[in-house]
Amino acid sequence: MPTTLLILDRVLGTVLFALAAAAIVEKCRTVRLAVLLPSRVLECRKAGSTSPCAAAGGYRYLVELHADGRRLEMETNDSFWFRHDKDKGKIVKVWYNPSARCVERKSWETEIFSALLAGIGAALLLIR
């Protein structure tokens, strides 16, 4: 195999490993000191920081949860391309941290994506 391709494979494999590690670290930072609570999806709406363009995506769940004896309405940190209106009223588990401005929806998506990135990175690094 040409040397240029081997170098490219090594660099890309290292970058994918770094992205996988960064995703896991960010997930751990988000849910550290948080409490897992049930919440009800009120609506799926475009986040305030998202471009108003229809193709921009950036939809988030607005959820209702009860913490510390109070009823709270908070956005999740999801980012969907399309509005998920069918999920209204659905019960989802969220990681609630009183110091955070949004909640993290409990899911395995980050871990699966990180494992996929790490696997591809390992495959690229093992190419001879």
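**Briefing: core, salt bridges, cysteines and a surface patch**

Val 15 is found in helix α1, which covers residues 3–31. The model is predicted. Its salt bridges come to seven, its disulfides to zero, and its largest nonpolar core has 15 residues. The points below take the surface patch, the core, the charged pairs and the cysteines in turn.

**Surface patch**

- Ile 7, Val 11, Val 15 and Leu 19 make a nonpolar surface patch of about 350 Å².
- Val 15, one of the patch residues, has a relative accessibility of 40% and therefore counts as partly exposed.
- Patch members need over 30% relative accessible area, so Val 15, at 40%, passes that cut-off.

**Nonpolar core**

- In soluble globular proteins, nonpolar side chains tend to be buried together.
- The largest nonpolar core here has 15 residues; those touching the most other members are Tyr 61, Val 63, Leu 65, Ala 67, Leu 72, Tyr 96 and Val 103.
- At least two residues of this core come from each of the strands β1 (35–46), β2 (59–67), β3 (70–75) and β4 (91–96).
- Strand β2 gives the largest share of the core, with five residues.
- Tyr 96 is in contact with Leu 65, Ala 67, Leu 72 and Val 103, among other residues beyond its neighbours within four places in sequence.
- The contacts of Tyr 96 on that basis also include Ala 34, Val 35, Leu 37 and Met 74, as well as the charged residues Asp 68 and Arg 70.

**Salt bridges**

- Side chains of opposite charge can pair when their charged atoms come close.
- The count in this model is seven salt bridges, among them the pair Lys 27 and Glu 104, whose closest N and O atoms are 3.3 Å apart.
- Lys 27 is buried, with a relative accessible area of 9%, and Glu 104 is buried, with a relative accessible area of 9%.
- Glu 75 and Arg 60 form a salt bridge through their side chains, with an N to O distance of 3.4 Å.
- Because Glu 75 belongs to strand β3 and Arg 60 to strand β2, their pairing ties together parts that are 15 residues apart in sequence.
- Both Glu 75 and Arg 60 are buried.
- Glu 64 and Arg 71 meet in a salt bridge with an N to O distance of 2.5 Å.
- Glu 64 is buried at a relative accessible area of 12%, whereas Arg 71 is partly exposed at 44% relative accessibility.
- Glu 64 and Arg 71 are also linked with Arg 40 and Glu 73 in a network of salt bridges.

**Cysteines**

- The structure holds zero disulfides.
- The cysteine sulfur closest to that of Cys 28 is in Cys 102, and at 16 Å it is too far for a bond.
- For Cys 102, the closest cysteine sulfur is in Cys 44, and the distance of 14 Å is again too far for a bond.
- Cys 28 counts as partly exposed, at 47% relative accessibility, while Cys 102 counts as buried, at 18%.
- The cut-off for buried is under 20% relative accessible area, which means that Cys 102, at 18%, falls within it.

Notes. Residues numbered from 1 in each chain as written. Predicted model: local features only at pLDDT ≥ 70, side-chain atom pairs only at ≥ 80, totals over all residues. Heavy atoms only, no water. Patch = residues over 30% accessible without salt bridge, like charges linked within 9 Å, V, L, I, M, F, W, Y side chains within 5 Å. Areas by Shrake-Rupley, 256 points an atom, 1.4 Å probe, with all protein chains shown as cover. Salt bridge = Lys/Arg side-chain N within 4 Å of Asp/Glu carboxyl O. Helix = DSSP H or I, 4+ residues; strand = E, 2+ residues; numbered from the N terminus. Buried < 20%, exposed > 50% of the residue type's maximum accessible area, 1.4 Å probe, protein only. Core = buried A, V, L, I, M, F, W, Y, C linked by side-chain atoms within 4.5 Å. Contact = heavy atoms within 4.5 Å. Disulfide = S-S within 2.5 Å.
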